[in-house]
Amino acid sequence: MSAPLKIGVAGLGTVGAGLVRLISEHAQDLAGRAIEIAAVSARDRNADRGVDISPYVWCDDPLDLARDEDIDVVVELIGGSDGIAKDLTQAAFNNAKHVVTANKALVAHHGTALAHDAETCGVSFSYEAAVAGGIPIIKSLREGLAGNSLNRVYGILNGTCNYILSAMSEEGREFEDILAECQKLGYAEVDPSFDIDGIDAAHKLAILASVAFGGEVNFEAVHVEGIRHISPVDMQFAKELGYSIKLLGIASIRNDGLEQRVHPCMVPAESPIAHVAGSLNAVVADGDFVGTIVQEGAGAGAGPTASAVAADIIDIARGFRVPTFGVPAGQLKTWPSVPMQHHNGAYYIRLMVVDKPGVFADIAAALRDHAVSMESVLQRTRDPGEAVPVVMTLHETEEASMTGALEEIAAVGAVVEPPRMIRIESF
Ligand SMILES: NC(=O)c1ccc[n+]([C@@H]2O[C@H](COP(=O)([O-])OP(=O)(O)OC[C@H]3O[C@@H](n4cnc5c(N)ncnc54)[C@H](OP(=O)(O)O)[C@@H]3O)[C@@H](O)[C@H]2O)c1
């Protein structure tokens, strides 16, 4: 019988307490080898965490977990890209301990350097829970799909945004209204900007792109837009046009480099991704031999996230080691990043227009000047003197042309609000 694998858990919040519960319920059956919690750390020793932590050694300082000779694996569940989470990770490596984390901010900002450090110290750095919670997407990309050349990976990577957009679509309510409700119910943070401004999804996309394409993690290169500007009227038009609006993270390899973007998208209403509702996440990968793989599941919460953390711990218990991002850190590629202005795609635009003679000619001229060609126009109401929505879909064009045309359209006197633009994806 192998000696038990001893873990030290830093952070006993949603994920940490979930992991303690999972280990105490399943420890004997997990890996054919006992997994034991040796010590735990958090800020408040006396907080009620809904799980019994009295059997474990308590450390006021999480760095003590990295120094404890009895511990094989430090599980970092504190959060934050820098500070104690990063210090603890590096201290654990320096003391020859494996690190398992759920911390997407840490991996997105420092993943490449930490992968090098882990390799130098001969330990694992594992982060399955950092992307899409309970969906085992890192393993899928890094191991299950390793025989494929992947050219695109995309998904719904933030449950809060998906919940808000789903509720807006189903109930026709305003964004602010649903966000306030989510905050009241505890589904959204008091400061929700990481979620609704797309940063959380961008962290996850940068990690996914690294694993999918064997490159260094390059969070700074992700184009990020959130969902604050999505309105019920756009939701309604999307439905009329046969689309759903989703916040997607999309990473794709092009001839000129790697494109990484997070922004609201119109996706065909019949596509699998359009059916991912509520707070669920989904990730889609296109491989040259396997075809398209779609995985859907809970992207957050104590149970699903603890499930992913446990999977990484079990790999270590079994002695299963793979390079952090699939290839040795020294072999990670430095992909040139494709700027958003070079993105090619189709577009939806909504203009609030006062119906005056000549206004459509001005709009058409702006599109013509930038070589943008129109696919369809929708104007449901006419109200002389009042602004009414005019919706257009545009054929595939370069983003630089679209933004140039929109600047010219915004300057047309009868266009009374800044134009709204949503990119259309044809999955
Ligand atoms: N929540 C999710 O569903 C989810 C999903 C995927 C990934 N994640 C990631 O998992 C990590 C943890 O998230 P969470 O939701 O569990 O966070 P959380 O509920 O806020 O818990 C954070 C824990 O860290 C402890 N902590 C904070 N600063 C500390 C310090 N200086 N020293 C020691 N302990 C400290 C806190 O202690 P006290 O409790 O004593 O204050 C708390 O137990 C984050 O990286 C997050 O992005 C979370």
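Which residue just after helix 12 takes a positive phi? That residue is A371, whose phi is about 55°; helices (H or I, at least four residues) and strands (E, at least two) are DSSP runs, numbered from the N terminus.

This is a predicted model, in which local features need pLDDT of at least 70 and side-chain atom pairs count only at pLDDT 80 or more, while totals for chains, interfaces and linings use all residues. Residues are numbered from 1 along each chain as its sequence is written, and side-chain values use heavy atoms, with hydrogens and water left out.

Helix 12 (residues 359-369) has as its buried residues V359, I363, A366 and L367, where buried means under 20% relative accessible area, exposed over 50% and partly exposed in between (1.4 Å probe, protein chains only).

A search of the whole structure finds four aromatic pairs, counted when ring centres of Phe, Tyr and Trp (its six-membered ring) lie within 6.5 Å, with planes under 30 degrees apart called stacked, over 60 edge-to-face and the rest tilted. Two of them are tabulated here.

| Pair | Class | Centre to centre | Between planes |
|---|---|---|---|
| F125 and Y127 | tilted | 6.2 Å | 50° |
| Y154 and F427 | stacked | 3.9 Å | 5° |

Y154 lies in strand 7 (residues 150-156) and F427 in the segment after strand 16 (420-424), so their pair ties together parts that are 273 residues apart in sequence. Y154 is buried at 6% relative accessible area, whereas F427 is partly exposed at 25%.
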